[in-house]
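Open the model in your viewer and keep the selection tool at hand. We will go from stop to stop, and at each one I will tell you what to select and what you will find there.

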Amino acid sequence: VSTQSTWGSCSEVYAVMASGPLTGVPISGCVGDQQAATVGQMCFRPGDAKNTYGTGAFVLMNTGNQPVTSTHGLITTVAYQLPNQPVVYALEGSVAVAGRGIQWLRDGLGIIKDHSEVESLCRSCEDTAGCVFVPAFQGLLAPYWRDDARGCIVGMSQYTRKEHIVRAMLEAVCFQTVDVLEAMMADCGFKVPSLKVDGGMTSNATFLQLQADLLGVPVVRAPIAETTALGAAVLAGLAVGVFRGFDHVCDVLNRRTGAVTITPCSAAVGPTWADSECAAVCPICGISPPIPPNIGGPFSNPVT
């Protein structure tokens, strides 16, 4: 690889392959994992937000050309930078357990044999029958930052069945996503018109409906599953003239069919997440930690 001496953006020719079957091919995109997914989801305007549901869940919101210092438990990060243009910043919040929770239901509890069972089990019950799952297996990440928290399932009764626990696991991921987005809204004041989503869990339509209902805004599933690879390709393509700019990128990508929009259809009711989260960090001695404040935001009252 033959490299140039200085780099200044996420989209420029950094090096050229000097040997092998790719001789002469430029390396022209350099971006982090979740930042690439943000580009792949076309989050180019302040307030655009995406969530990637992998083993964990990773939410990024574009905050424009000024960094926003979070006072609600989030991380300020660089989203991307194009040549000779200002840096675009983002707020980031990570949820430790998303798909990892489904793995635990299979490998830990043994109540499912395969992840493909999750949606049908979830659809077989209208709600969790009062059951709330806090999957704090190794603490809670944004926006709580409680490394002393431990997982718990509260609200169980003799009528609790495995489908209630499975549904509560899905709701847990949704609840934590709501908390992260409300923290983002409190920090920067942008109103999020929709949440763009990708990752393995988004193949579950029932899960996406739960997320939309709890957020109170549409959830849009990307037509291309690998948005991280797409984002890196977009930045590389911009550097070598495949794309003329972000408007051209949006025009090309929006021609693809397959994007799915899930609109909110009901308000989620039941045990509060804050109370259950408090239970997750209460030690056996009975000394209760303070419940995190209600920071409000556009998702506090989902549409009905």
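Begin with helix 7 and what lies over it: the cover of its buried residues includes helix 1 (33–40), strand 6 (75–80) and helix 6 (227–239). Bear in mind as you look around that this is a predicted model. Now select helix 7 itself, residues 246–254; its buried residues are Phe246, His248, Val249, Cys250 and Leu253.

How far apart are the ring centres of Phe44 and Phe246, and at what angle do their planes lie? The centres are 3.8 Å apart and the planes are at 10 degrees, so this pair is stacked. Phe44 sits in the loop between helix 1 and strand 4 (49–53) while Phe246 belongs to helix 7, so the pair ties together parts that are 202 residues apart in sequence. Both Phe44 and Phe246 are buried.

Tyr80 and Phe246 are both buried. Display the three side chains together and you have a cluster: ring pairs link Phe44, Tyr80 and Phe246. Across the structure, the count of aromatic pairs comes to seven.

Now for some backbone geometry. Most residues other than glycine have a negative phi, and most peptide bonds are trans. Select Met42, in the loop between helix 1 and strand 4. Met42 is not a glycine, but it has a positive phi of about 60 degrees. Is Met42 buried or exposed? Met42 is buried, with a relative accessible area of 17%.

Move on to Asn84, in the loop between strand 6 and strand 7 (88–95). Asn84 also has a positive phi of about 60 degrees without being a glycine. Asn84 is exposed, at a relative accessible area of 83%. For the peptide bond, go to Ala142 and Pro143: the bond from Ala142 to Pro143 is cis, with omega near -5 degrees. You will find Pro143 in the loop between strand 8 (132–134) and strand 9 (152–154).

Let's turn to the cysteines. A search of the whole structure finds zero disulfides. Select Cys131, which is buried with a relative accessible area of 0%. The closest cysteine sulfur to that of Cys131 is in Cys152, 9.7 Å away, too far for a bond. Cys265, by contrast, counts as exposed, at 53% relative accessibility.

Finish at the second largest pocket, which holds about 290 Å³ of space. Select Ile102, His115, Gly200, Met201 and Ser203: of the 14 lining residues, these lie nearest the pocket's centre. Helix 2 (99–109) and helix 3 (117–123) each supply at least two residues of the lining. Coloured by residue class, the lining divides into five nonpolar, eight polar and one charged.

Note on methods:
Residues are numbered from 1 along each chain as its sequence is written. This is a predicted model: local features need pLDDT of at least 70, side-chain atom pairs count only at pLDDT 80 or more; totals for chains, interfaces and linings use all residues. Side-chain values use heavy atoms; hydrogens and water are left out. Buried means under 20% relative accessible area, exposed over 50%, partly exposed in between (1.4 Å probe, protein chains only). Helices (H or I, at least four residues) and strands (E, at least two) are DSSP runs, numbered from the N terminus. Contact means heavy atoms within 4.5 Å. A disulfide is a pair of cysteine sulfur atoms within 2.5 Å. On a 1 Å grid over the protein atoms alone, a cavity is a set of points where a 1.4 Å probe fits but cannot get out, and a pocket is an open set with protein on both sides within 12 Å along at least five of seven lines; lining residues have an atom within 4 Å of a point. Grid points are joined across faces, edges and corners, and a volume is the space filled by probe spheres set on the points. Ala, Val, Leu, Ile, Met, Phe, Trp, Tyr, Cys and Pro count as nonpolar, Asp, Glu, Lys and Arg as charged, and the others, Gly among them, as polar. Rings of Phe, Tyr and Trp (its six-membered ring) pair if their centres lie within 6.5 Å; planes under 30 degrees apart count as stacked, over 60 as edge-to-face and the rest as tilted.
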